Amino acid sequence: MIFESHAHYDDSAFDLDREEVLKQCKEEGIETIVNVSASLDSVKRTLALTEKYEFIYGAVGIHPDEVGELDEASFEWLRKQCSQPKVVAVGEIGLDYYWDKEKHELQKYWFRRQMALAGELGLPVIVHSREAAMDTLAEVKKAHTSELRGVIHCFSYSPELAEEYVDMGYYIGIGGVVTFKNARKLKEVVKMLPLERILLETDCPYLAPEPNRGKRNSSLNLPYTARAVAELKEIEVEEVIRVTEANARALYFAGKGESPL
Ligand code: NI
């Protein structure tokens, strides 16, 4: 069964048919979904989804584009939400120098604080990094402890960098981009990575894989991503689905003392 390790079903792109899409996901073998928040408001919406749907879990965190809304009071509120029973990670957090919406120092500050929060609570981190390769690596290295676990979501950097993260025990999130013809670097990353370090994700509503590139994405497209990974690694797609599911469970549910199945 497929484990969707990173989705944004609270996004307004799903306002007209959220219920239908999620029902279809369940029917098509998407067994577990981690809905990832990005702003204070989306934390609330994510928690509501985890309450409504038995197969949806949540990640609580503030995306680098949105860290301007954080202060000590809202950070305290965030900490409280992390103890909700279905919260399985702190995320997504990190650095984004592509959109560059907030000052780099402010992005780094709240990235550090949120990584420390995850460490304190025994939760894994979901790291977002765009055009900030070296600064992200430096921050993750600084925060690294033997207990802090996580995933570098929607990985877009080199095989060498992927190796650095894997050496620290991180998982690498692989999304629809791996199906794009021109994604040469990411294909190299997938070939090189042990399957035991890969998570499947959509980042929906964004980044739909081929043949649905450019359309609204959903977890229903995950089989295309799984197939692309299987082809690159020259293994059966069933093995990709089985191992990546076990990986996601190990990452998200290890500290929860619960086995949802
Ligand atoms: Ni995301």
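What arrangement do the four donor atoms around the nickel ion make? The model in view is a predicted one, in which local features need pLDDT of at least 70, side-chain atom pairs count only at pLDDT 80 or more, and totals for chains, interfaces and linings use all residues. Residues are numbered from 1 along each chain as its sequence is written, and side-chain values use heavy atoms, with hydrogens and water left out.

The protein donors of the nickel ion are His 6 (NE2), His 8 (NE2), Glu 92 (OE) and Asp 203 (OD), which lie 2.2 Å from the ion; donors here are N, O and S atoms within 2.8 Å of the metal (3.2 Å for Na, K and Ca), and since water is not among the atoms, sites may look incomplete. The angles that these four donor atoms subtend run from 85 to 170°, which makes the arrangement irregular. Along the sequence, the donor residues follow the spacing H-x1-H-x83-E-x110-D. His 8 sits in the loop between strand 1 (2-7) and helix 1, and Asp 203 in the loop between strand 8 (198-200) and helix 8 (222-233), so this pair ties together parts that are 195 residues apart in sequence. Helices (H or I, at least four residues) and strands (E, at least two) are DSSP runs, numbered from the N terminus. His 8 counts as buried because its relative accessibility is 8%, and Asp 203 counts as buried at 10%, where buried means under 20% relative accessible area, exposed over 50%, and partly exposed in between (1.4 Å probe, protein chains only).

Helix 1 comes next. Its buried residues are Arg 18, Val 21, Leu 22 and Cys 25. Seen down the axis of helix 1, these buried residues fall within an arc of 95°, so they line one face of the helix; the arc is that of the directions from the helix axis to the C-beta atoms. An α-helix has 3.6 residues a turn, so residues three or four places apart point the same way. The face turned away from the buried side of helix 1 carries the exposed residues Glu 20, Lys 23 and Glu 27, whereas the cover over its buried residues includes strand 2 (30-36), helix 2 (40-52) and strand 3. Cys 25, found in helix 1 (residues 18-27), counts as buried at 0% relative accessibility. Leaving aside neighbours within four places in sequence, Cys 25 is in contact with Tyr 9, Ile 30, Ile 33, Phe 55, Ser 219 and Leu 220, contact meaning heavy atoms within 4.5 Å. Just after helix 1, Gly 29 takes a positive phi of about 90°.

Pro 159, Leu 161, Ala 162, Tyr 165 and Val 166 are its buried residues. They fall within an arc of 160° when seen down the axis of helix 6, so they line one face of the helix. On the other side of helix 6, Glu 160 and Asp 167 are exposed, and what covers its buried residues includes helix 5, strand 6 (150-152), strand 7 (171-174) and helix 7 (184-192). Gly 169, whose phi is positive and near 90°, follows helix 6.

We turn now to charged side chains. A salt bridge is a side-chain nitrogen of Lys or Arg within 4 Å of a carboxyl oxygen of Asp or Glu, and by this rule the count comes to 19 salt bridges. In one of them Glu 164 pairs with Lys 141, the closest N and O atoms being 3.2 Å apart. This pair links distant parts of the chain, with Glu 164 in helix 6 (residues 159-167) and Lys 141 in helix 5 (residues 133-143), 23 residues apart. Within helix 2, Arg 45 and Asp 41 lie four residues apart, about one turn of the helix, and their side chains meet in a salt bridge (3.7 Å, N to O). Another salt bridge joins the side chains of Glu 66 and Lys 101 (3.8 Å, N to O). Asp 65, by contrast, is buried yet has no salt bridge, and the nearest side chain of opposite charge, Lys 101, is 5.4 Å away; Lys and Arg count as positive and Asp and Glu as negative, while His and the chain ends are not counted.

Technical notes:
Tetrahedral: all angles 85-135°; square planar, octahedral: opposite > 155°, others 65-115°.
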